[in-house]
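Look over the chains shown below. A short report on fold and local surroundings follows them.

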Amino acid sequence: MKPIEKYIETMENKDFAGLAELFTKNAILSDYCSTTASQEEYHIYGKEAINMFFRNKFGFRRYSIMEAEVVNDTQAEFIANFGGYNIMAIATVREVDENGFIERLTVRPK
Amino acid sequence: MGVYAITGASSGIGAKTKELLLQNGHEVINIDLKDGDICVNLASLEGREEAIRKLHEMHPEGLDGMICNAGVSGACGNLPLIVSLNYFGTVAIAKGVYDLLEKKHGSCVVTVSNTISQGAGRKDIVDLLNNIGDEKRVLSLVDSMDSTNLSVGNSLYVSTKYALARWVRRISSSWAANGVRINAVAPGNVHTAMTATMSTSAKMALNALPIPTKYGQECLMDPTEIAEVMVFLASDAARGVNGNIMFVDGGTDALLNSEKVY
């Protein structure tokens with residue numbers, strides 16, 4: 001599976017630990033969709049932070065995705081739900097290391 | 001050595017703070033419902049007045065510090081108590097001993113909570129507490145709420161703590177101009193006798209508020225970690241710190257709100 005496919009799979013399963021394992025130690029995950037839901041942007045630095053951050057979001061049902069579709073080797077579209085507020089989003093794997101771990105991933109409104 | 005008064009020091013964070021202050025050679029007066037040096041109910045007007053009167057009788061020369069720590073959680077099942085103890089009791093005691101603090105250029109430390117940053121509070125109630133400050137009216141409003149609903153209790157808890165933090169910020173400038181510093185500590189989830197025996201589902205909810213400094217350990221903050229910061233804020237070593245809401249949560253707030261630098 002490509003990193004973007006694994007990303008979608010773990011997000012759909014609310015598997016915060018599996019999600020974090022897709023990233024390098026110093027990876028950056030930036031989500032710009034949250035501002036549309038009147039929240040601050042998410043800029044999460046490091047795989048452990050990704051683990052903890054999504055443990056919180058999934059645990060309190062403040063973030064989920066649905067209707068996901070991988071559109072090419074590095075991008076996928078989905079509806080992101082921010083505690084009840086739905087936003088059409090596109091995720092892009094921007095950098096991957098030599099072992100296939102994600103260095104940088106961004107999620108923006110589509 | 002100094003004289004410090006502290007509310008809610010019979011157990012938990014308060015007891016640890018008292019212990020550290022005593023170790024540093026200070027005199028400490030514990031104001032609590034049970035096992036206190038002054039035993040009063042700070043949720044009541046009479047209890048607050050008695051505590052303030054006794055502190056004035058005991059130390060008319062002034063206090064070096066007032067640590068307002070007493071409070072109840074949102075799960076206590078008593079909504080009026082959350083309002084009266086957490087907000088009105090704390091503000092009344094701090095204001096009531098302000099003249100004693102002024103005499104010795106002392107400082108005040110208030111316990112709030114890192115839940116204030118997690119968006120569960122009700123802004124209308126926060127505004128009623130801070131801007132109207134009418135305890136009877138707020139209690140009348142609370143009477144119509146469902147005390148059996150845990151999320152209602154939690155929301156009210158967060159509202160009282162948010163209002164408390166905002167009150168600290170608002171009052172801090174004028175107090176500092178008169179030689180009295182006031183700050184707040186915002187602890188994360190702390191290990192207490194209550195959390196040690198909580199249900200699996202409640203533990204899962206707590207674990208969904210990860211503590212970065214405890215990564216992979218599935219444990220909560222130790223009361224000593226909070227108490228040490230409270231003692232620091234109350235001390236002269238923190239003489240440059242005023243109007244600060246200091247998060248002592250192992251980084252939970254930074255994890256969930258990294259963009260909020262102010």
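The text takes chain A as a whole, then one histidine in chain B.

This is a predicted model: local features need pLDDT of at least 70, side-chain atom pairs count only at pLDDT 80 or more, and totals for chains, interfaces and linings use all residues. Residues are numbered from 1 along each chain as its sequence is written, while chains are lettered from A and ligands numbered from 1 in the order in which they are written.

**Chain A**

Chain A has 3 helices and 6 strands. Helices are DSSP runs of H or I with at least four residues, strands runs of E with at least two, numbered from the N terminus. From the N terminus, the order is α-α-β-β-α-β-β-β-β. The radius of gyration is 12 Å, close to the 13 Å of the globule rule for 110 residues, so chain A is as compact as a globular protein of that length. The radius is taken over C-alpha atoms; the rule is 2.2 Å times the number of residues to the power 0.38.

| Property of chain A | Value |
|---|---|
| C-alpha trace along principal axes | about 35 × 30 × 20 Å |
| Buried residues | 35% of the 110 residues |
| Contacts at least 6 apart in sequence that join residues at least 24 apart | 44% |

Buried means 20 or more other C-beta atoms within 10 Å of a residue's own, exposed 12 or fewer, partly exposed in between; C-beta atoms are placed from the backbone. Contact means such C-beta atoms within 7 Å.

**B:His26**

B:His26 sits in the loop between helix H1 (12–23) and strand E2 (27–32) of chain B. B:His26 is partly exposed, with 18 other C-beta atoms within 10 Å. Beyond neighbours within four places in sequence, B:His26 contacts B:Met1, B:Gly2, B:Val3, B:Tyr4 and B:Leu21. B:Ala193 lies 167 residues from B:His26 in sequence and 27 Å away, C-alpha to C-alpha.

Definitions and conventions
Two residues are in contact if their C-beta atoms, placed from the backbone, lie within 7 Å.
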